[in-house]
Structure formats: structure tokens, C-alpha cells
Amino acid sequence: MRKTRFGGRIPALLAAGLAAGLLATGCASGSGGGAGSAETYDLSFSSFAPETNPSARVSEWFMSQVEERSGGRITFTRNWLEAGCPAAELYQCVNDGRADVVFSSPTYEPQKLPITLISAVPFVANSTDEKAQAFYELYQKQPALQQEYESSGMRLLGLWSVRLVLGSQQPIDSMADIQGKSLRATGDAMIKSIREAGGNPVTLTVNEVYESLQRGVISGYGLDLASNINYNLYEQVDHLSDPNVGGFSPINLVISQGTYESMDDEAKQIIDQVSRELSTGEAVRSLNQTISGICDQVLKTDLESYTVWSEAATAEWRDRMLPELEAGWKATAGEAGVADVDGLWDAWSAELRAVQNPVEDAEVTCAKRFAQERGGA
């Protein structure tokens, strides 16, 4: 039995060519694979996040399922917290052979995946599950999107989003409540949205938020729910609110195209099957499981409220911002070579509408629990 370890290998395209040569000479498993295939694969995985991060748990679900369903033929050497690859180089690590699979965000390297940034536009869906399923289908059907990954030596395994939660020292339940407030924000869409609402967006790393609140540099922030607990931010704010803009920060899991192509058919089929399940509900279910545990901790804090914006309040912000954000993405996609940006946006919108019975985000469920158990409005 031959074990192929890909991490630290020669560049992906050369690896693919070498694999093809081996197949031709009979030195590796036949391209048909099958249950009797003897070849095994140890894939190097890298992430910028700690293993306890909710999105990291999604990656762990994927890897564990592949290992189990392959009967141990496919395994992963896990590298968390930038071990092996810096956060700003994760996609490059897949391209140059330092990693086979990575979990990163296209917002960290926007120049690499400009078309994928369609998934970063908020206000288009209420749940992150809608975005996860719609983007997977869009990727399967749109050659321009597939080419974006292939040109960087990657293949998409799944994409999901982090849901926006606002933390503040005074309640924020509408655009009017943002006016005049200095709020930590990252990403072009949220910076523009806060500025349009009359707020002052301040770009800070998550590690700087606690002290900035303490010193009065900011009066609130836009982050995911987990950060409120992981960084003890609840000690500096009294209120959480969910503006119901859906996912605002996409995360994706990708595999080296060369690595994938050099695997036998049975291994590819396992990867593809788990990838589809990840993108059609399991990613959000895995996220929800972790976030539900975080919610238990939120309910033990001294926070005064945790609310979800009314439909009317969200609609006011969406109607003000979505046309501008849509136009911004179209300009970016056009510069990236997409010939029909209107058609691609329409296809994205159609896929979002086609999602049936999306899973409710655990952040929304948590706000409901807060209202029931703590008497919040």
C-alpha cells in the first residue's frame, strides 16, 4: 500500500503531471479507483483560526467525514492558527504546494477571488444557509466562477458566512440608532453601510476592540457572536442586536486543484459527496451546534438585551445600501473579466430564491432564547 503525502510537495501542476505519468506507467492506482484501491492520501490542512472557532468546526466536520467514509484512505494533517501558512497567504499556500486544503476568507485576499466576493454582499438573504447553498449551486453552473478558482490552482469545497451581530453600549435597533456612533467595522460593505447610516466606521483588529471600548475610542462594533465571548467583549457593552442582514463575512474551504486531480476516482467521489453535503445544510448545522453552546454563555452574562431588528428596520437599511453594494460588486467583477455581470448577479439572486427551507441561524435562535429566558424585548 502506497501512502501519498501531499503537504510540502512540489507545485500543484507539476504534481498533477507526475501523477498522470505514474498512472500511465501503472505505478499508482488506476483512474477508476474502486473499493479495492490501495492508495491512501494524507492531505495537509491549514487554517488561520483556532480549532475551537465555530467555522473551524465546520472544516473539522468535513475532514472527519472524509476520513470516516474513506475508511482511512484519506486523512488530514491539521494545522491550526497559521501553523505552516500565514493567514494572508493561505490561498497561495494551496497554489505553491505548502498545503492541500485551507480554510480562509476571500475578504482576506480580495484580489485572488474578486468574483467570489458576491457572497460578501449583505442584505440579499436572511440566513447564512441560503448563501451557502446558493453559492455552491452557482459555482457548479458558472464557468467564470470555476475559472477564478482554477486560475489560482484551487477547487471549491464549500462556502459559508459569518452572521453580523452588533455590540453596543446603547441599544441599536435601526439605522437611526447608528447615527453618530463610532463602530468597529471591517470589509468594504459594512464600512459603507455604517457610514451611510450616519455612523463612524473604525477599522480595528478584533484584539483591539476590548481596549478601544474601554477607552471610549468606539461605542460598539460589528462582529460575530462567538467573538463576544472569546474576547470578553460583553464586559464592555450592554446590548447585542442582529440587524438581520444575513452573512457578511464569507469563509471558504478549498482544495488544491493539482491534489484533487491526482486522486483516484473513488477518492474524488468521496470528496465531492461530502462537499455537497457541507454546502447543502451541514455547514450551518455544524456552525449552529457550536454557536448554541456560545449562546449558553451569552445567557449567563450581564447583557441587558439581545434583539433582532424588525423587518421594517432591516428593509430601510437594505433599500438604502443594496443598490450601491450591488453596483460595487459588478464593477469589481467587470474588472476581473466577467463579460455579463448583470447575468451573473441575476443567476446569484435566482439561486438564493431557489433555496428551500433554509436552516435558521443559531444567532437568531439565541436572541429568541434571550427574550424568553431573560425577558428581553
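The legends below describe close-up views of a predicted model.

**View 1**
The protein contains 14 helices and twelve strands. Of its 377 residues, 57% are buried. When contacts between residues at least 6 apart in sequence are considered, 77% of them join residues at least 24 apart.

**View 1. The disulfide of C85 and C93.**
Two disulfides are found in a search of the whole structure, and the one in this view joins C85 to C93, with an S to S distance of 2.3 Å. The torsion about the S-S bond is -125°, and the link of C85 and C93 is left-handed. Both C85 and C93 are buried. With the bonded cysteines counted along the chain, the disulfides of the protein follow the pattern 1-2, 3-4.

**View 2. The disulfide of C295 and C366, between helices α11 and α14.**
Here a disulfide joins C295 to C366, with 2.1 Å from S to S. Because C295 lies in helix α11 (residues 265-298) and C366 in helix α14 (residues 362-374), the pair ties together parts that are 71 residues apart in sequence. The torsion about the S-S bond of C295 and C366 is about 95°, so this disulfide is right-handed. C295 has a relative accessibility of 1% and therefore counts as buried, and C366, at 1% relative accessibility, likewise counts as buried.

**View 4**
Strand β11 (residues 247-256) is mostly covered, with ten of its ten residues buried. Strand β4 (residues 101-104) pairs with β11 in the antiparallel sense over four bridges, and within this pairing S104 stands opposite N252 of β11. Strand β5 (residues 154-163) also runs antiparallel to β11, and nine bridges join the two; in this case R163 stands opposite G247 of β11. Strands of a sheet pair through backbone hydrogen bonds, either parallel or antiparallel.

**View 3. Q257 in helix α10.**
Q257 is placed in helix α10 (residues 257-261). Its relative accessibility is 16%, and since buried means under 20%, Q257 counts as buried. Apart from its neighbours within four places in sequence, Q257 is in contact with E150, G153, M154 and R155.

**View 4. The buried residues of helix α7 and the elements they pack against.**
In helix α7 (residues 188-196), the residues A189, M190, I191, S193 and I194 are buried. The buried residues of α7 pack against the helices α6 (175-178) and α12 (311-335), and also against the strands β7 (182-184), β8 (200-202) and β11. After α7 comes G198, whose phi is positive, near 95°.

**View 5. The crossing of helices α4 and α5.**
Helix α4 (residues 128-141) packs with helix α5 (residues 143-150) at an angle of about 90°, and their axes are 5 Å apart. Because of that angle, α4 is roughly perpendicular to α5. On the α4 side of the contact are F135, L138, Y139, Q140 and K141, which meet P143, L145, Q146 and Y149 of α5. By residue class, the contact of α4 with α5 divides into six nonpolar residues, two polar and one charged.

Six strands form an open sheet of mixed pairing, in the order β8-β7-β9-β6-β10-β12. The edges are held by β8 and β12 (305-308), each with a single partner strand, so one side of each is left without a neighbour in the sheet. From one strand to the next, the twist averages 25°. Within the sheet, strand β6 (residues 165-168) and strand β9 (residues 220-223) pair in the antiparallel sense over four bridges, where the bridge partner of L166 in β9 is G222. Helix α8 (residues 206-215) packs on the sheet and touches β7 and β9, its direction making about 160° with that of β9.

Technical notes. Residues numbered from 1 in each chain as written. Predicted model: local features only at pLDDT ≥ 70, side-chain atom pairs only at ≥ 80, totals over all residues. Heavy atoms only, no water. Disulfide = S-S within 2.5 Å. Buried < 20%, exposed > 50% of the residue type's maximum accessible area, 1.4 Å probe, protein only. Pairing = 2+ DSSP bridges. Contact = heavy atoms within 4.5 Å. Axes fitted to C-alpha atoms, helices over the stretch in contact; angles between N-to-C directions. Parallel < 35°, antiparallel > 145°, perpendicular 65-115°, else oblique. Nonpolar A, V, L, I, M, F, W, Y, C, P; charged D, E, K, R; others polar.
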